[in-house]
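Opening the notebook on a new model today. I want the overall numbers down before I zoom in on a single residue.

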Amino acid sequence: MLTRLSQRVTQISSRHLGAKVHKRNLNIHEYQAQKLMKQFGINCPNGNVAETPAEAEKIGELLNSPDMVIKAQVLAGGRGKGFFENGFKGGVHVCSSPHELKEYADNMLGHQLFTKQTGPKGKPVQKVYICERHYLRREMYFAILMDRKNGGPTIVVSPHGGMDIETVAKETPNAIFTEPIDITKGPTDQQLQRVAERMGFSPGRIAEAQAQMRKLYDFFLKYDCSLLEINPMAETNDGRVMSMDAKLNFDDNAVFRQKDVFALRDKTQEDSREVQAAEYDLNYIGLDGSIGCLVNGAGLAMATLDIIKLYGGSPANFLDVGGGATQKQVSEAIKIISSDPNVKSILVNIFGGIMKCDVIALGLIAAVKETGIKIPLVVRLQGTNVDAAKKIMEDSGLRLIAASDLDEAASKAVRISEIVKLAEQAELDISFQLPL
């Protein structure tokens, strides 16, 4: 499962789905998704969630089945091929007894799971989902997402399910089919029949597949999903159509009418800096470079990231304080950026329109005084109250490195970052004499 940004589907094929865009979306655990779906009449395996090995054993006793599956609950894909820091391999296992469930749970709970999607720090496993195992006649892929190109929902399917959809797209792109939906009318019977046939359902199961797909579409709209992914959607050996695994993303713009859903958010699975930024209504995305960026406006932020790369540097984050940030928000933004140990310099690039430059200056000064940060700040301000902002910074007595334009600011930020990294490698303590 993923923590954000419907990446698995938006990367399927640019010719089908257009360019990938970064967007913050709520992502919930598999056990939470299946609970919601069951309430909507969508067929899912029976199961429950455990937080201790003893609970896992008890759930196995209640299921009373010779075939069960235990799954580590993290917001990242590739669990089956993942590994834990304790050496245990695999975040998904088939079990045949409650005692076996207890042993597997003991190796998973309280440990970090590493997969190709968790990043180098892994994800903490605090819950495991235990469900009955089904023998599947066919495994298929089914997803619905909001597609900008088509201006509404699009169904994406493949007869090849139970595997990474990226692999399918790469090796057999002709096995992926899309069906744009008119959001004012919903999917027609003919569309759902065509989708079911392309997925490979047996003729006798087409009608049931259509019924399940319509429920999934209605669920997608009712809960303001940005992505609904079922992998696999399956036809079992006893002829049932089931959603075996679910990934759901929800549009953050719908939080006001989906409060119960957003209460399911698991902040332990997210970047702590992104969680902190969201609390102050800041748009933050962590990257892997060494130059922190504080900018107002998404367009200016992207331009700032580009010019840093042009001058040979690498941005450590995307942080947009927006057009109406307060002194407190600016101060918190600097604290968040400086909390990243990889950040060696910070570039502040503000164009004051609605956002006043003097507010930015006061926020910068407050953050530096409160935290005592030693990371060099390169500041480029233009626009509303810029002269007042420059005077505030000059009178502060703090070493804020001024730049008159974006080229100069980016060049200084990159040079300073390189100097700081070299000094750290040589175990030297450095300071900067102004003007730089």
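Predicted model: local features only at pLDDT ≥ 70, side-chain atom pairs only at ≥ 80, totals over all residues.

**Charges, then the rest**

I started with the charged side chains: the protein carries 52 positive and 53 negative ones, and the centres of the two sets sit 2 Å apart.

Next I checked the overall dimensions. The C-alpha atoms fill a box of roughly 75 × 50 × 40 Å along the principal axes. For secondary structure I got 15 helices and 20 strands.

Then surface and burial. The accessible surface comes to about 19,900 Å², and carbon and sulfur atoms account for 50% of it. Of the 436 residues, 52% are buried.

Taking contacts between residues at least 6 apart, 69% of them join residues at least 24 apart.

**Zooming in on Y223**

Where does Y223 sit? I found Y223 in the loop between α8 (206–222) and β12 (225–236).

Is Y223 buried or exposed? Its relative accessible area is 13%, and the cut-off for buried is under 20%, so Y223 counts as buried.

I then asked which residues Y223 is in contact with, leaving aside neighbours within four places in sequence. The list I noted is L36, F40, F250, Q258 and V261.

Y223 and D251 are 28 residues apart along the chain, and their C-alpha atoms are separated by 8.9 Å.

Terms used: Residues numbered from 1 in each chain as written. Heavy atoms only, no water. Helix = DSSP H or I, 4+ residues; strand = E, 2+ residues; numbered from the N terminus. Buried < 20%, exposed > 50% of the residue type's maximum accessible area, 1.4 Å probe, protein only. Contact = heavy atoms within 4.5 Å. Areas by Shrake-Rupley, 256 points an atom, 1.4 Å probe, with all protein chains shown as cover. Lys, Arg positive; Asp, Glu negative; His and termini not counted. Charge placed at Lys NZ, Arg CZ, Asp CG, Glu CD.
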